[in-house]
Amino acid sequence: MKRRPRRSVPALLSALVLLGACVVITVVAVQMLLGERPWLSYDAVAGTLHDLRWTDVLPAVAGGVLALLGLVLVLAAVVPGAATVLPLNGLFDAGAARGGYRSTLRAAAAGVDGVARARVKLGKRRAKIRVDTTRSRPEGLADAVHAAVTQRLEQIGPAGRPTVTVRVRAPRRNP
């Protein structure tokens, strides 16, 4: 069970742009049917577009922007995002939410004696743990944090066990 994030932001932006264009076209069409002066004159728009040449700067820039926007939307649809639910080992189709997984690992790292603050960054295959300590000599702290996080991972039982890396940041020593 690897649930992926929804692509709601690109879909919302595309829908809003299309909705805006449809509203403008509908209002102009209704104004023309009622015999009123439209917001956008069809003759003015058609005349402006007719006067442009393919070698002009405006069509090239507009085409480049639209092509780039289309490429971004296609990439947003095709490239998979980070999994929101990470699969767990077991007989049943079970998973752990990414945020809960990260906070559990952070709590395990923060529970080690001498750790003032812990931060966890989850990747596809790695869990980067960065801890801050108030100890002037942090020797052995990285190993203790690594052991605590590894033990917590054994309790959780993820389907794909990440490699744990620990970085300790200690206060600077005065010479």
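Is A29 buried, partly exposed or exposed? A29 is partly exposed, at a relative accessible area of 36%; buried means under 20%, exposed over 50%, and partly exposed in between, with a 1.4 Å probe and protein chains only.

Before going on, the model is predicted: local features need pLDDT of at least 70, side-chain atom pairs count only at pLDDT 80 or more, and totals for chains, interfaces and linings use all residues. Residues are numbered from 1 along each chain as its sequence is written, and side-chain values use heavy atoms, with hydrogens and water left out.

Back to A29. This residue sits in helix α1, residues 8-33; helices are DSSP runs of H or I with at least four residues, strands are runs of E with at least two, and both are numbered from the N terminus.

Next, T133. It belongs to strand β4, residues 126-133, and it is buried, with 6% relative accessibility. What does the side chain of T133 reach at 3.1 Å? The answer is the backbone nitrogen of R135. A polar atom of the T133 side chain also lies 2.5 Å from the backbone oxygen of G114. Both are listed as polar contacts, that is, N or O pairs within 3.5 Å, where one atom must be able to donate a hydrogen and the other to accept it, and residues adjacent in sequence count only if both atoms are side-chain atoms.

Last, K121. This lysine is in strand β3, residues 115-122, and is exposed at 59% relative accessible area.
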